[in-house]
Amino acid sequence: MSSDAPDAAPFLCDDSEAAEEEEEERGAAQGEEPISGVTPTRAVLTVFILCYVNLLNYMDRFTVAGVLPDIERYFGIDDSKSGLLQTVFICSYMFLAPLFGYLGDRYNRKLIMSGGIAFWSLVTLASSYTPKEHFWALLLTRGLVGVGEASYSTIAPTVIADLYVKESRTNMLSVFYFAIPVGSGLGYIVGSQVSNVSEDWHWALRVTPALGLLAVLLLLLVVREPKRGAVEARPQHQLHRSGWTEDLRALSRNPSFMLSTLGFTAVAFVTGSLALWAPTFLFRAAMFTGERAPCVEAHCSSSDSLIFGAVTCVTGVLGVAGGVQASRLLRTRTPRADPLVCAAGLLLAAPFLYLAIVFAQASAVATYVFIFLGETFLSMNWAIVADILLYVVVPTRRSTAEALQIVVSHLLGDAGSPYLIGVVSDSLRKTDSFLWRFRSLQLSLLLCSFVAVVGGAFFLAAALFIERDRHRADNFRPADDEPIPVPKGGRSACVPVSSVLI
């Protein structure tokens with residue numbers, strides 16, 4: 001009887017024994033080849049290539065905002081139509097994200113991203129040739145750009161998740177999400193400066209396409225598709241694929257995911273509004289205070305986009321790094337650190353953004369100082385929200401979860417916020433004077449502070465569920481594979497049904 005016990009132990013074992021076996025298998029696999037199927041050097045290169053593409057993604061997205069006053073004069077449009085430029089892009093991006101999320105959970109992610117980026121680059125180039133009489137053509141091409149970007153944004157974080165775990169994953173995600181504020185800032189800078197040099201805003205849209213095609217080559221030649229969930233050494237039953245509707249039902253029952261998504265929606269609302277309207281608002285404030293003469297030419301040289309872009313770059317780096325570091329330090333005291341840091345970032349950003357908008361009529365220096373502080377706290381969320389999603393959702397549902405988060409955050413956030421700000425501004429404007437063009441936009445932008453407070457409340461609510469949902473994701477079992485008690489040596493050990501019913 002005693003000699004038979006070791007043979008039976010691997011089949012009927014308790015949790016601690018199973019864990020020990022799992023660790024041994026992981027070590028053996030590491031000795032032969034990387035668990036993910038990607039070497040450490042190639043994994044690092046993959047993260048930096050994805051970071052480069054993410055930077056181009058946001059650089060392209062905010063180039064239009066850097067030259068928005070020129071576009072308004074060129075086409076003769078008002079604030080509400082200007083807001084549509086961002087809204088049509090976000091809408092196409094948002095509605096196609098679930099499709100690419102579904103494909104990303106089931107097919108080769110590298111090829112999907114490469115095709116999407118090539119399409120986005122060609123459409124962006126085409127948008128730079130829009131004639132003056134066809135504003136609708138610019139709206140159409142900006143909408144098609146969202147198709148390419150949806151194919152990338154839903155999938156790239158899941159590739160990083162399959163290359164790294166725990167602290168390494170958090171660090172690599174912070175590198176990846178540094179590209180969001182830095183790319184956004186470069187969009188303002190490159191857009192405004194290329195427009196100034198060429199004295200034609202069309203050339204601002206011709207920079208990112210060439211860089212995008214280079215990104216496609218890097219993806220195809222360097223990046224290798226990692227094995228899904230392998231680096232986390234999850235049991236095979238946790239990697240079983242379920243139907244799309246079943247994935248959506250499971251995600252809707254995940255409070256941490258849903259509440260953090262609603263909190264991130266507030267971040268998207270605020271950043272979307274500021275991204276499109278802040279340079280224009282600062283330009284109008286300078287004309288209102290008399291610091292800059294009114295511009296009636298087709299091209300108006302302005303330093304506001306350049307300064308705002310530089311501020312966005314710096315605050316993005318400081319905010320993302322500060323958020324990750326604050327979360328790391330707070331984790332030693334509470335497992336709820338991540339949603340608490342996100343909540344603190346939004347609740348601290350709200351008053352500084354309010355002061356920045358109010359002080360614009362009195363002091364440009366004070367306005368930029370408050371914008372700097374507000375954007376720094378706002379940027380604390382980017383990497384942490386992505387990390388929350390990855391550890392409360394099982395590997396085979398992550399691309400779908402990314403897609404759902406993109407749909408919700410953009411549908412209720414930055415898909416409508418630029419247009420909403422423009423409509424409110426137009427409705428508040430009593431005359432077309434420089435005073436009312438500034439004042440109406442100022443009052444409409446105050447919505448951002450209110451929405452930031454609401455977002456902070458959602459993250460505080462997510463903190464109540466984060467421990468339970470993380471534990472559920474780590475110990476996930478499909479519904480048809482529930483554990484049953486099997487007697488072993490006078491004890492009861494839980495093993496999956498599939499392990500017994502062979």
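This is a predicted model: local features need pLDDT of at least 70, side-chain atom pairs count only at pLDDT 80 or more; totals for chains, interfaces and linings use all residues.
Residues are numbered from 1 along each chain as its sequence is written, and side-chain values use heavy atoms, with hydrogens and water left out.

The protein chain has 22 helices and 2 strands, where helices (H or I, at least four residues) and strands (E, at least two) are DSSP runs numbered from the N terminus. Of its 502 residues, 55% are buried; buried means under 20% relative accessible area, exposed over 50%, and partly exposed in between, with a 1.4 Å probe and protein chains only. The chain exposes about 20,700 Å², of which carbon and sulfur atoms supply 66%. Accessible areas come from the Shrake-Rupley method with a 1.4 Å probe, and for residues only the protein chains shown count as cover. Among contacts (heavy atoms within 4.5 Å) with a separation of 6 or more, residues 24 or more positions apart account for 84%.

A search of the whole structure finds 0 disulfides, a disulfide being a pair of cysteine sulfur atoms within 2.5 Å. Cys313 is buried, at 14% relative accessible area, and Cys342 is buried at 0%.

Cys342 also belongs to a helix pair: it is one of the α14 residues that meet α20. Helix α14 (residues 337-358) and helix α20 (residues 447-462) have axes 8 Å apart and pack at an angle of about 165 degrees. Axes are lines fitted to C-alpha atoms, for helices over the stretch in contact, and angles run from 0 to 180 degrees between N-to-C directions. The two helices are therefore roughly antiparallel, since angles over 145 degrees count as such, with under 35 roughly parallel, 65 to 115 roughly perpendicular and the rest oblique. The crossing of α14 and α20 is left-handed, meaning that the near helix is turned anticlockwise from the far one by less than a right angle; clockwise would be right-handed. On the α14 side the contacts include Leu346, Leu347 and Ala350, and on the α20 side they include Gly455, Gly456 and Phe459.

A second pair is formed by helix α6 (residues 109-127) and helix α7 (residues 135-153), whose axes come within 7 Å and cross at roughly 160 degrees. These helices too are roughly antiparallel, and α6 passes α7 in a left-handed crossing. Trp120 and Val123 are among the α6 residues in contact, and Leu144, Gly148 and Glu149 among those of α7.

Glu149 lies in α7 and is buried at 1% relative accessible area. It touches Asn57, Asp60, Arg61, Phe89, Tyr93 and Trp120, leaving aside residues up to four places away in sequence. The C-alpha atoms of Glu149 and Arg61 are 9.4 Å apart, although 88 residues separate them along the chain.

Val38 sits in the loop between α2 (15-32) and α3 (40-66), and is buried at 3% relative accessible area. Beyond four places in sequence, Val38 touches Ala43, Leu163, Arg224, Glu225 and Pro226. Val38 and Glu225 are 187 residues apart in sequence, yet 7.7 Å apart in space, C-alpha to C-alpha.
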